[in-house]
Amino acid sequence: MIEISNLGVVFGRGTPLQKQALSGVNLTIEEGAFVTVIGSNGAGKSTLLGVLAGDVLPTEGKVVISGKNVTRKPTADRASLVARVFQDPLTGSCGTLTIEENLALAAARGRARGLAPALGKNRRAHFRERVAALNLGLEDRMQDRMELLSGGQRQALSLVMATLAGSEVLLLDEHTAALDPGMAEYVMELTQSLVNENRLTTLMVTHSMRQALDFGTRTIMLHGGSIVLDVTGDNRKNLGVEDLIAMFRRVRGQNLDDDALLIE
Ligand SMILES: Nc1ncnc2c1ncn2[C@@H]1O[C@H](COP(=O)(O)OP(=O)(O)OP(=O)(O)O)[C@@H](O)[C@H]1O
């Protein structure tokens with residue numbers, strides 16, 4: 001369960017570039033919920049995920065994850081609670097290390113340095129099995145460097161990596177945005193099955209209104225650093241892509257530049 005209260009984030013405080021990225025955000029997310037997060041550019045979506053991951057420290061407010069107050073805890077101290085997958089498949093993994101080494105590092109997240117068990121036969125077999133389940137043929141390339149893989153292959157592995165350390169919360173930051181439509185569909189199916197299998201509490205930022213409604217159990221819209229829409233249950237079921245676009249128009253007070261981009 002995630003409990004965010006009165007969250008505020010100001011970047012560059014006291015400088016001419018001061019920016020209030022989030023203000024007065026209150027959000028309680030039940031264990032196992034899958035929340036899709038939408039909002040225009042600069043709305044504060046990535047900042048919200050950054051606060052949960054510990055990359056961004058709040059200016060005010062409180063963040064509790066699974067009963068632990070993590071408000072001031074840096075990323076490393078909450079790595080066993082929270083995993084994050086980014087839009088750029090290069091961000092969440094190390095290109096010069098092999099697939100197997102990346103998986104071993106991911107599995108060791110949140111443990112004290114030096115305590116990671118050696119990469120023995122059993123662990124190797126376990127990693128290979130997890131990779132084989134992707135059906136991408138990567139189990140025969142465990143010694144290949146990550147940088148040799150396509151964006152989609154890396155993103156699929158990033159999702160597996162996100163589940164290896166037993167994190168309870170999964171943060172997805174436009175993780176299919178850089179993929180071709182076929183691969184994006186595959187990665188979303190994989191996302192859904194990993195979320196279900198591991199009972200992850202999930203927040204997924206997306207610019208695709210279709211994705212925002214097709215996946216998850218709840219949708220929130222951020223605008224100007226605040227939550228302006230929070231729908232779940234029947235209210236959400238009755239919402240269509242057009243409704244979300246109309247809401248975008250309303251909160252922005254202007255027409256969208258490119259409706260087609262949002263509907264895809
Ligand atoms: N490290 C930073 N320093 C200064 N300003 C920042 C920083 N990170 C984000 N911002 C600003 O905070 C605001 C919110 O940014 P954020 O990246 O959270 O938006 P977003 O909703 O994720 O946008 P996008 O859809 O474009 O990714 C923006 O005005 C952005 O320029």
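Mentor: In α2, residues I99, N102, L103, A106 and A107 meet L157, M161 and L164 in α4. Contact here is a C-beta criterion: the two atoms, placed from the backbone, lie within 7 Å. Helices (H or I, at least four residues) and strands (E, at least two) are DSSP runs, numbered from the N terminus.

Trainee: Where does the model come from, and how are residues numbered?

Mentor: It's a predicted model: local features need pLDDT of at least 70, side-chain atom pairs count only at pLDDT 80 or more, and totals for chains, interfaces and linings use all residues. Numbering starts from 1 along each chain as its sequence is written.

Trainee: Is I99 buried or exposed, and why?

Mentor: I99 counts as buried because it has 26 C-beta neighbours inside 10 Å. The cut-offs are 20 or more other C-beta atoms within 10 Å for buried, 12 or fewer for exposed, and partly exposed in between, with C-beta atoms placed from the backbone.

Trainee: Which residues does I99 touch?

Mentor: Leaving out residues up to four places away in sequence, I99 touches V131, L138, R141, M142, D144, M146 and L157.

Trainee: Switching topic, which residues surround the ligand?

Mentor: F11, G12, K19, A21, G39, N41, G42, A43, G44, K45, S46 and T47. A residue is near a molecule if its C-beta atom, placed from the backbone, lies within 6 Å of it.

Trainee: Which element gives the most to that shell?

Mentor: α1 does, with 3 residues. Both β2 and α1 (45-53) supply at least two residues each. By class, the shell divides into 3 nonpolar, 7 polar and 2 charged.

Trainee: And the sheet with β2, what's the strand order?

Mentor: β2-β1-β4-β5, an open sheet of 4 strands with antiparallel pairing. Strands pair if DSSP finds at least two bridges between them. At the edges sit β2 (19-29) and β5 (68-69), each pairing on one side only. Between β1 (residues 2-11) and β4 (residues 60-65) there are 5 bridges, and S5 has K62 as its bridge partner in β4.

Trainee: What about β9 and β10?

Mentor: They form a hairpin with 2 residues between them, and G224 in the turn has a positive phi of about 55°.

Note on methods
Nonpolar A, V, L, I, M, F, W, Y, C, P; charged D, E, K, R; others polar.
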